[in-house]
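Subject: Structure handover

Hello,

Here is the structure I said I would pass on. Please look it over before reading the notes that follow.

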Amino acid sequence: MLAGLLTAPAIAPARHRETRPIPIFTPERTPVPRPVKLEPLFPPHGPILPVLVPLAGDRIHRLRLPPAPPPRLHRLHIIQPTLSLSAFVAPRIPADAAPKLRDASPATGRRLGARNLLTPGALPDGFRYHYADDYTGWPVAPLHSAHALHGAFNDPREGGYHFGVDIAVDDSKPAQLAPPGMSHRIFAVESGELHYTRRNEMSRNCNDRRFAIGHFAYWHASPAWPNGTMVRAGQVVGWTCLNEWHVHLSEWAIANGQRVWVNPLHAGGKLRPYLDEEKPVIRALYAYGPPSAGWSPKGSGQIADADGATSLVLAELRGAVDLRAWIDDSQGAVGIYKDAHQLAAGISPYRVWVQIRRVSDRAVVWQRNVWQSDMLLAGREPFYAHYAAGSRPPLADYLCATDATGCTGRLFYHLIVSDDRYLWDTTRERNGAYTLTIRAFDISGNSDERSVPITIRN
C-alpha cells in the first residue's frame, strides 16, 4: 500500500477554495458524530497516521488541513560535513589498499618533492569503490538522462568545502501528486536500508531533512519510508523540497581505513550518463605578494574579500609570490539549463595541473596537480589553501530563480600549493625567464591549457 501511495494517493489533496455558498444543514435531531478512518491524504513521509474526521449524517462537517510549513531556518552550508553521518558506522572493506608512494612523474605530475606528498584531493593508488548492486542512474527523473549540476564537489561554501553535488530540479514545475511543500520524486541510486541520520528527522523543516541509503546521503530531501526500511535501487524513496531547486547527493567510501566523502561523479560510479558540453576556461593569470597577517578565511563569505596582498607584474617576480588563476567551468545547456539559461552556474574544475619550466635549460622547477576533486578536502586542506581572495561562488539555486543578474560567480585558484602553503619562494630559483603552464580539466576529460612567460628578478 505504501508504494501505491507514492504515485497515486487515495484522495486528491484539497487545493482549491469552495466558491459556492454552502447551505446550512439543520437536522431535526443532532446526530452523534461518528469517527471515520480515511486513507492518508498525501504520500507518506514516515509512519502513516489515520485521519479522524467527524461526520454529520453523510456530509463532511470539517476537514483538518495540514499545518503550514515552518519558516526556513537551515541551509546546508552551515552544517559541519564531518558530522553529517556520524550516527552511522561504516563497515571496513578488506580490499582497501594503502597508497603506493612513488617518485614524481613528469607525465602526470602526481607527486613532486617528498615521497609522501600526495596530490590534494586525490585518493590513494589502488583504491577501489564497492557497491551493493550494479545499478546506474540519477536520483531524479529522468533516471537515465544527463542532469545539470548547480554545485560541484569541493566547491566553496560558507561552511567550507562542498561535500557532494547539487543536482538541479525545476521547482517551477513540481511533479504531479507532489505533497505540499515538496517538488520532485527521489529515486535510490543504490539498494540498502533507508537510514534516518537523526532521531527527530521528520519533525524538522523539509529543507533540513536528510536520509542515507548504502553509500549515499540525500539532503534537502524528505524520506517516504520509515527508518530501517529496505529499498531497491531505482525505487522512489523520498521527495525534494519545494524552493530548493536541487537535491544534494553525497557519497562516502573507506580510504586508508577511514570513512571519507568522495566525488559522486567519479569514473565507474552510479551517476550515469553524465554530460559536460563545455571545457573549462582559464580566463586570466595573476601574481601577488604575501597576504596580510590576519588572512585566514573560513568560508565563501570571507574568501570574497581582499586579502591585502600587493599585485605584482609577471615579468618582475621577487621574494614570496602567490600565483593565481581565474578558471571557469560550466556544463553547457544540460538538463534544465536547456530551457532556463538564467539558472546555469559555473562549478569548480575537476583537476588543475601546473608546471614551471626554466627557459635556459628547460629544467622543471615545479610540476604537480595542485587540485584534484576526488576526496573532500575538509580537515585535510585549509579553505584558503586553494581558493584565492576575490573568489565568489554562484548564488544559491533558490536565489537564482528570482535574481535577474544570473547565478555565475568567479573562482580564483592558488597555483603553488603544498599543504597549507601557497607562496612560491623565488629566492631559491635562478634569476631569469621561466614558462608557466596551466591545464584545467573537467570530470568528462575536457581541458584547457594556457602558457605565459614569467621572469624572476630577485
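Leaving aside its neighbours within four places in sequence, which residues is L323 in contact with? Please keep in mind that this is a predicted model. In it, L323 is in contact with Y286, A287, L314, L317, I356, Y413, H414, L415, I416, W424 and L436, once neighbours within four places in sequence are set aside.

Two of those partners come up again in the core. The largest nonpolar core has 47 residues, and L323, I356 and L436 are the ones with the most contacts inside it. Several strands each supply at least two residues of this core: β11 (216-219), β15 (246-255), β17 (281-288), β19 (320-328), β20 (351-358), β21 (364-372), β24 (432-441) and β25 (447-456). Apart from this core lies another, of 25 residues, which include W138, I167, L265 and Y274. As general background, nonpolar side chains in soluble globular proteins tend to be buried together.

Now the chain as a whole. The protein chain has 458 residues, and 50% of them count as buried. Its secondary structure consists of three helices and 25 strands. Taking contacts between residues at least 6 apart in sequence, 71% join residues at least 24 apart. The accessible surface of the chain comes to about 22300 Å², with 54% of that belonging to carbon and sulfur atoms.

Last, a single residue. Is H195 buried or exposed? H195 lies in strand β9 (residues 192-196). Its relative accessible area is 16%, and the cut-off for buried is under 20%, so H195 counts as buried. The C-alpha atom of H195 is separated by 6.2 Å from that of I213, a residue 18 places away along the chain.

Regards

Conventions. Residues are numbered from 1 along each chain as its sequence is written. This is a predicted model: local features need pLDDT of at least 70, side-chain atom pairs count only at pLDDT 80 or more; totals for chains, interfaces and linings use all residues. Side-chain values use heavy atoms; hydrogens and water are left out. Helices (H or I, at least four residues) and strands (E, at least two) are DSSP runs, numbered from the N terminus. Buried means under 20% relative accessible area, exposed over 50%, partly exposed in between (1.4 Å probe, protein chains only). Contact means heavy atoms within 4.5 Å. Accessible areas come from the Shrake-Rupley method with a 1.4 Å probe; for residues, only the protein chains shown count as cover. A nonpolar core is a set of buried Ala, Val, Leu, Ile, Met, Phe, Trp, Tyr and Cys residues joined through side-chain atoms within 4.5 Å.
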